[in-house]
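Colleague: I'm new to this one and I'd like to learn how to read it. Could you put it on the screen and take me through it?

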Amino acid sequence: MSELFEAVDALIAGQPALPPPVERERLRKAHGLTQQQVAVALNVRRPTVVSWESGRTEPRPPQREAYARLLQKLAELYPPAPSTPAEGAGEHGTFTGPAAPAPRAADEKDHAAVTALAPASPRTRSAEPPPTSRRPVSRKAAPKPAPGPAGGDPRFENGPLAVVDFADGQVSAYCLGGLLLDVPARSLPALVDWTLAEARLGQPRLSGPGKDADPLLVLTESACERYGLPAHLAPEERLSGRLPEDHKVIRQLTRANWQLTKRGLGPWARIYRPAEGGQRRCVQLCVPGWDALDTRHWADAGRLPPADLARLLGAYATRVMTPRGSTAVTGLELMTALHPPTRASEPDENGVRHSRHNPGSLGKDPVECAPCEAPDGHPLLADLPRFHQRTPAEMLMEEAYDWARPLTDSECLKPYLVGIDVNMAFAAGANGTIVGLGAPTHVRRPVFDPKLPGSWLVDLSHVDLSKVKSGKEWVELDDTLLPSPFTPKGERPEGPAWYATPTVAYAVELGYDVAPIEAWVRYDNGRYLDGWYTRLRDAYVRTMADLGVTGDLPPEDFLAAMDGYRARDPQLAIVLTAIKATVKGGIGKLRERPRGGGWRPGQPWPALARPTWRPDIRAAVISRTRVNMHRKVVKHAAATGQYPVAILSDCAVYPAAGPSPLDFLPYRDGKPLPGGWRLGVSPGMVKHEGTQSVLWGEGLREEHGPELNLARYIKDGDVTATDNGE
C-alpha cells in the first residue's frame with residue numbers, strides 16, 4: 001500500500017496544478033506581459049501560449065513546471081478580486097460583448113440600455129426615479145457602495161465617469177448602468193474631494209505598467225452654475241480656451257491646495273494634488289457647455305439629458321478608454337496607455353523598485369525626426385530660405401489618396417456611379433505595421449529591407465503599371481485608368497523622392513527592383529500600434545453589432561442591415577462616430593502642427609516635446625493605407641477589367657450597371673474575390689458609401705471642372721458636403 005501512495009504522490013508532484021485558462025490570461029495581462037514574452041521565456045512558440053490560455057491544450061513537462069511557477073508568482077502579486085458580488089450587483093463596469101437591446105417600454109425609450117448592465121444597488125437610486133424620489137432621505141454623501149462585481153475592480157464599481165447635474169435643489173451624479181448618486185458637495189473643491197473619497201469612479205489600467213484612469217466628471221450647465229462656473233465661456237475665454245486665473249472658482253481650488261495643469265480650467269481640465277506614495281489624486285472635468293464635445297465627432301451629445309449622456313460617454317469609455325480630451329487627444333493617449341513609457345524594475349538589494357524603460361514603448365523622452373520627415377516650419381529647417389518650396393526629393397509626402405479621372409466612353413454608358421468605403425481604413429493600415437521606436441539612423445546607398453521602418457530616397461518612376469505582379473502572376477492593366485500608388489494625387493513620380501517603407505515595399509511587390517540613394521532607418525522598431533488597433537477594432541465591431549450589423553451576415557443581408565443602421569440607436573451611432581474619429585485623430589496627432597498665435601517658422605512648438613510626436617509613424621500608417629487601397633484596385637481590375645473613376649482617402653467610386661455594390665463586386669457563390677474588395681463590418685472590409693447617376697457626375701464636372709473628385713460627394717450628392725463619412 002505504501003508503494004501505491006508513493007506512486008500517487010509522485011504523480012501529483014509531477015503535474016503541478018494550474019489555474020483556469022481565463023485566470024492565466026488575467027495574470028499575464030496584469031503584469032503587462034505579452035504572449036510572445038511568455039513563449040520566449042518558456043522556450044515554446046507563441047501559438048502554444050495562446051492554446052494554453054484558451055484551454056485548447058495543456059502544457060507538458062518541463063514547461064508545465066515553469067509555467068506553474070510563473071503563474072504562482074503572478075498570483076501572489078495580483079490576487080483575484082472578490083468572487084461573490086453583492087445582491088443586485090452586475091456587470092456595470094464594462095461592456096462584455098454585443099448584447100441584445102434591453103426591452104423598451106413606452107416610458108423608457110430614451111434610457112433603454114443596449115448592453116445588459118447591473119441594476120442599482122438597494123442603497124443607491126435608479127437613474128429614472130419617480131418625481132418625489134429626487135430628494136434623498138439623508139443629506140449625507142452617496143452611500144457606501146456594495147463590493148464590485150465578480151472579476152471587476154471594487155475601487156471603480158460605479159464606472160469610469162459621472163454626469164453631474166443640479167435639479168430640484170439636489171446635485172446628482174448619473175453613472176453607468178442607470179446608477180444615480182446623491183452629491184453633497186457645495187463647491188468645486190468639495191466635489192473633487194467627494195469624487196476621490198466616496199464616488200468610486202475610475203477605470204483600471206489598460207496595461208500592467210500603466211496607470212488607472214482618473215475619474216471623469218461631466219458638468220451640465222446647471223451644475224456649472226451651481227458651482228460658480230459660467231454655463232458658457234465668454235468670447236475672450238473661448239479664444240484662450242480657459243477661465244482667467246483670477247476667477248473665483250480657481251481661487252477656491254488654490255485655497256484648498258488643488259492644482260490645475262497648464263491647460264487651466266477649460267473645457268477639459270485636470271484638477272490634482274501631487275501624488276503621495278504612488279497614489280494619484282486627480283479628477284478630470286468635461287464641460288459640454290464650453291464646447292468640450294466637438295459636434296463634428298459627438299453630434300448633439302452635449303445637449304442630451306444627463307442619463308443619456310452618461311450612457312453614451314460610458315459606452316465610449318468602457319470600449320475605448322475614459323476620454324482625456326478631444327477624440328484626437330484620446331486616440332493618442334490610448335497609444336500611451338497600452339504602451340506606458342516606463343515600468344518598475346525588479347527590487348534591488350534594499351527591496352526598492354526603480355523606474356526603467358518599458359520595452360516596446362516610445363519611451364518618456366522625445367526623439368528627433370529625420371530632416372525629410374520634418375514638416376515645414378520645423379526647427380530642423382530653420383536654415384532654409386524663407387519662401388523655399390521643398391520638392392518630393394527633399395520632403396516625405398505620404399498622404400491619403402485624392403485622385404480622379406474622366407470617365408471613358410464605355411463607362412458613360414453605365415447608368416450608375418457606386419461608392420464603396422473602407423471600414424476603419426487607417427486602423428486597418430496600422431495593424432501589423434512595423435514602426436520605429438527610437439531615433440533614426442542615416443545610411444548612404446542602403447540595401448532596401450521591407451522589414452526595416454524608415455524613410456527612403458528612391459526613384460520609382462520606372463515602375464510600369466501596365467504590367468505588374470499580382471500575387472505570383474504577372475497581369476496586364478490599362479495604366480491610364482489607374483492611379484499611381486506612390487503619390488497622393490495618383491501621378492507617376494518623375495524622379496527620386498522620399499517614401500516610407502510600405503510604399504517602397506509595394507514597388508518590390510509589383511515586381512520591380514529598387515535602389516535607394518539614402519535612407520533614415522530605425523533599427524529599434526516593433527508593431528507598436530497592434531494593441532491600439534485591436535482595442536479600437538473591438539470597440540467598432542461591438543458597437544456595430546449593437547446597431548444590428550454583425551460580422552456573420554452574407555453580402556445581401558449586410559447591405560440590408562446597413563440601411564438606416566444609425567437610426568436604430570442614435571446615441572450609439574454617436575459613439576461609433578467618436579470611435580472612428582479617435583482613429584483618424586490619433587494618427588493625425590502624431591504630426592501635430594503649431595496651434596495658436598505667437599509661433600514663428602523655425603521655432604519649436606509644444607507638441608514637439610511629446611514622445612508621441614512621430615511624423616514617421618503617421619507616414620507609415622498612411623502609406624500602408626494607400627497601398628492597401630491600390631492593391632485591391634489592382635486585384636479587382638485584373639479579375640474584372642473594371643477601374644475606379646475616383647478615390648478619396650478610403651472611398652472608391654466605380655461605374656456600375658446597377659445601384660448596389662453587388663452590381664460590380666465579383667461575388668461567386670457568396671464568396672468575394674480573394675485579395676479584393678469584400679463587403680463586411682470588420683476594418684479593411686467595405687460598405688456602401690452612396691450611389692449617384694452618371695449624369696449627375698458628368699454634370700458636376702461640367703460645372704466645377706474635370707478635376708472634381710466625385711468620391712467626395714458620392715454619399716448624398718451634395719456638392720457642398722465635405723464629410724466623406726469615415
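Colleague: Let's start with the four strands: in what order do they form an open sheet, and how do they pair?

Modeller: Keep in mind that this is a predicted model. For a sheet, read across the strands from one side to the other. Here the order is β14-β19-β15-β18, and the pairing is antiparallel.

Colleague: Which strands stand at the edges?

Modeller: Look for strands with a single partner. Those are β14 (441-444) and β18 (496-500), so each has one side left without a neighbour in the sheet. On average, neighbouring strands here are turned by 20° against each other, ignoring direction.

Colleague: How many bridges join β15 and β18?

Modeller: Five, with β15 covering residues 454-459 and the two strands running antiparallel. If you want a place to start tracing, take Asp-459: its bridge partner in β18 is Pro-496. Then look for helix α15 (residues 501-509), which lies across β15 and β18 and runs at about 110° to β18.

Colleague: What about the hairpin: how many residues sit between β16 and β17?

Modeller: Two, and one to click on is Gly-471 in the turn, with a positive phi of about 75°. The strands themselves, β16 (residues 467-470) and β17 (residues 473-476), are antiparallel and joined by four bridges. One of the pairs is Ser-470 with Glu-473.

Colleague: And the open sheet of five strands: what is its order?

Modeller: Read this one across too: β11-β21-β22-β12-β23, again with antiparallel pairing. At its edges are β11 (402-404) and β23 (686-693), each pairing on one side only.

Colleague: Where should I look to see β11 paired?

Modeller: Go to β21 (residues 646-648), which pairs with β11 in the antiparallel sense over three bridges. Ala-404 has Ala-646 of β21 as its bridge partner.

Colleague: Which helices pack on that sheet?

Modeller: For each helix, ask what it touches and how it is directed. Helix α19 (residues 615-640) touches β12 (416-422), β21 and β22 (651-656), and its direction makes about 15° with that of β22. Helix α20 (residues 694-704) touches β11, β12 and β23, with its direction at about 75° to that of β23.

Colleague: Now two helices together: at what angle do α2 and α5 pack?

Modeller: For a helix pair, read the angle, the distance and the handedness. Helix α2 (residues 21-30) and helix α5 (residues 63-77) pack at about 65°, their axes 10 Å apart. The crossing is left-handed. From α2, the contact uses Arg-24, Leu-27 and Arg-28, while α5 brings in Tyr-67, Leu-71, Leu-74 and Ala-75. By class that gives five nonpolar residues, two charged ones and no polar ones.

Colleague: Last, a single residue. Is Thr-220 buried or exposed, and why?

Modeller: Compare its relative accessibility with the cut-off: buried means under 20%. Thr-220 is at 16%, so it counts as buried. You'll find Thr-220 in the loop between β5 (216-219) and α7 (221-226).

Colleague: What does Thr-220 touch?

Modeller: Leaving out residues up to four places away in sequence, Thr-220 touches Val-163, Val-164, Asp-165, Phe-166 and Pro-306. Zoom in on Asp-165: its side chain and that of Thr-220 are joined by a polar contact of 2.8 Å.

How values were computed: Residues numbered from 1 in each chain as written. Predicted model: local features only at pLDDT ≥ 70, side-chain atom pairs only at ≥ 80, totals over all residues. Heavy atoms only, no water. Axes fitted to C-alpha atoms, helices over the stretch in contact; angles between N-to-C directions. Left-handed = near helix turned anticlockwise from the far one by under 90°. Contact = heavy atoms within 4.5 Å. Nonpolar A, V, L, I, M, F, W, Y, C, P; charged D, E, K, R; others polar. Pairing = 2+ DSSP bridges. Buried < 20%, exposed > 50% of the residue type's maximum accessible area, 1.4 Å probe, protein only. Polar contact = N/O pair within 3.5 Å; in protein donor to acceptor, adjacent residues only side chain to side chain.
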